[in-house]
Amino acid sequence: MTRIRNLAAAFVIATAGMVAGLVPASAEFFGWRVAGVANWDVLNVRAWPSSKSQILVGYPNHTPLSLTGKCNKNLNLNQINGWPKAQQAAAVRTRWCEVWVDPLGNGNYRTGWVYGKYIRPM
C-alpha cells in the first residue's frame, strides 16, 4: 500500500512540475471576452501590439480570453481590477493588451496581443 501511495505522490508531483513549466511562475490571468467585433469578422490576436503585426489566431465575439494583465501605455489590469466593467473596458479601449493563447490548439501556449476596443471583462 505504501508503494502505491508513493507512486501516486510521485505522479502528482511530476504532473504539477510539467504544468508549472508551461505557465510562467508569476502568471496571473484576468478573464475577459471578445466583444464588439462585426458578426462576420473575428478579433485578430497578433504577435506584437500593432495592427501590422503577424496574426496568430482570430476569435469571434463572446470567446473567453485569458489576459496576462499587461497592456501598453503603462497599464496593468491589477490597477483597474474591481472597477465597474464599463470603466475597465474604457480604460483599455485605446490600448493593446497581452493575452495567453494556443494558436494551433496543440498545447503550445504563447502570448499575443489584442486591441482593447474589442474586449470586455467577464
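Which residues form one aromatic cluster? In this predicted model, the cluster is made up of Phe 29, Trp 100 and Tyr 109, and the count of aromatic pairs comes to three. One of these pairs joins Phe 29 and Trp 100, whose ring centres lie 6.2 Å apart with the planes at 45 degrees, so the pair is tilted. Phe 29 sits in the loop between helix H1 (2-22) and strand E1 (30-34), whereas Trp 100 belongs to strand E6 (residues 96-101), and the pair therefore links distant parts of the chain, 71 residues apart.

| Residue | Relative accessible area | Class |
|---|---|---|
| Val 92 | 0% | buried |

Val 92 is placed in helix H2 (residues 85-92), and with a relative accessible area of 0% it is buried. What is Val 92 in contact with, leaving aside its neighbours within four places in sequence? On that basis, Val 92 touches Trp 32, Cys 71, Leu 75, Leu 77, Ile 80, Cys 97, Gly 116, Lys 117 and Ile 119. For Val 92 and Asn 76, which stand 16 residues apart along the chain, the C-alpha atoms are separated by 9.8 Å.

How values were computed: Residues numbered from 1 in each chain as written. Predicted model: local features only at pLDDT ≥ 70, side-chain atom pairs only at ≥ 80, totals over all residues. Heavy atoms only, no water. Helix = DSSP H or I, 4+ residues; strand = E, 2+ residues; numbered from the N terminus. Buried < 20%, exposed > 50% of the residue type's maximum accessible area, 1.4 Å probe, protein only. Contact = heavy atoms within 4.5 Å. Phe/Tyr/Trp six-rings, centres within 6.5 Å; stacked < 30°, edge-to-face > 60°.
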